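Open the model in your viewer and keep the selection tool at hand. Each stop below says what to select and what is there.

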Amino acid sequence: MNFEAKLNKFIEILIDNNGYVKVIEGLENTIKIAVLGLVIGIVIGTLIATVRVIPKYKTLPKILNGFCTFYVGFFRGTPMVVQLLLFYYVALPLMGLHLPSVNVAIAVFGLNSGAYISEIMRSGIQSVDYGQMEGGRSVGLSFSTTMLKIVIPQAVKNILPTLGNEFITLIKETSVVSFVGALDLYVAFNYIGTNSYEFMVPYLAMAVIYIVIVCLITLLIKLMERSLKKSDRRGE
């Protein structure tokens, strides 16, 4: 079968057999899992990074730091697919919970991303001049307020490109959610390939969509960086 015949078969399954419905749903799930996973990861990562940089003079910070170290070690030390399988087939059944596979994927992606973003955020916080913290404390702000309103916003500017890379990684890693039965781009195009008995064109189309998404994210990050640089120049 030549390429033109393969393409026609792909279009037939995509349109006449409503394959496009699965593709749209798969694309929505892929973006939803990655975006919400990143948001959860930023929140968790910021909290962990804050715990990691606060002074460890008291018992509570030491205990929290130990927990954060274990958390980061677990999620950075095991593959994403293993985490999905453990949560979906082991942890949730043991707790008597049954959640939709997409929701489980969002939670696991958020927890995994939090571990990586915590290290990214920690390096970003440490890149901010310590005088910023001292300045905030000298005007009567608490440690947490100074971190939230002064240090972290500056840290985010420094790590924005790295956060963009983390988002791109999450987009690409959504291809493993099929292990827990979630519909993503891979499952959608695999469905088309299975029904057409031809996988070349569906997989090429899937690759093109991933590339387009990554290019759009890269463009968005560049625009945000440019906007932040302009605001910095206006503030000088």
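Predicted model: local features only at pLDDT ≥ 70, side-chain atom pairs only at ≥ 80, totals over all residues.

**Stop 1: Glu-119**

Select Glu-119, in helix 5. Is Glu-119 buried or exposed? Its relative accessibility is 18%, so Glu-119 counts as buried. Now show what surrounds Glu-119. Leaving aside neighbours within four places in sequence, Glu-119 is in contact with Arg-52, Val-72 and Arg-76.

**Stop 2: the partners of Glu-119**

The side chains of Arg-52 and Glu-119 meet in a salt bridge, at 3.5 Å from N to O. Arg-52 lies in helix 2 (residues 19-53) and Glu-119 in helix 5 (residues 101-127), so this pair ties together parts that are 67 residues apart in sequence. The two side chains are also joined by a polar contact of 3.5 Å.

Glu-119 and Arg-122 are three residues apart in helix 5, which means about one helical turn separates them. In general, an α-helix has 3.6 residues a turn, so residues three or four places apart point the same way.

Keep all of these on screen: Arg-52, Glu-119 and Arg-122 are linked in a network of salt bridges. How exposed are the arginines? Arg-52 is partly exposed, with a relative accessible area of 23%. Arg-122 is partly exposed too, with a relative accessible area of 23%.

**Stop 3: Lys-6 and Glu-198**

How many salt bridges does the structure hold? It holds three. To see another, select Lys-6 and Glu-198, whose side chains meet in a salt bridge at 3.9 Å, N to O. Lys-6 lies in helix 1 (residues 3-16), and Glu-198 in the loop between helix 8 (185-196) and helix 9 (200-235), so the pair ties together parts that are 192 residues apart in sequence. Both Lys-6 and Glu-198 are buried.

**Stop 4: the nonpolar cores**

Switch to nonpolar side chains. In soluble globular proteins, such side chains tend to be buried together. The largest nonpolar core here has 50 residues. Which residues have the most contacts inside it? Select Leu-84, Phe-109 and Ile-125. Helices 1, 2, 4 (80-94), 5, 7 (143-173), 8 and 9 each supply at least two residues of this core.

Zoom in on Phe-109. Leaving aside neighbours within four places in sequence, its contacts include Ile-33, Gly-37, Met-80, Leu-84 and Leu-170. Others among them are Glu-173, Thr-174, Val-176 and Val-177.

A second, separate core has eight residues. Select Ile-48, Val-51, Tyr-71 and Phe-75, which are among them.

**Stop 5: helix 4**

Finish on helix 4. This helix has 15 residues and reaches 20 Å from its first C-alpha to its last, close to the 21 Å expected at 1.5 Å a residue. Where does helix 4 bend? Go to Phe-87: the bend there is about 40 degrees.

Now color the buried residues of helix 4: Met-80, Gln-83, Leu-84, Tyr-88 and Leu-92. What covers them includes helix 3 (59-77), helix 5 and helix 7. Last, step just past helix 4 to Gly-96, which takes a positive phi of about 75 degrees.

Key. Residues numbered from 1 in each chain as written. Heavy atoms only, no water. Salt bridge = Lys/Arg side-chain N within 4 Å of Asp/Glu carboxyl O. Helix = DSSP H or I, 4+ residues; strand = E, 2+ residues; numbered from the N terminus. Buried < 20%, exposed > 50% of the residue type's maximum accessible area, 1.4 Å probe, protein only. Core = buried A, V, L, I, M, F, W, Y, C linked by side-chain atoms within 4.5 Å. Contact = heavy atoms within 4.5 Å. Polar contact = N/O pair within 3.5 Å; in protein donor to acceptor, adjacent residues only side chain to side chain. Expected span 1.5 Å × (residues − 1). Bend = angle between axes of the 7 residues up to and from the residue.
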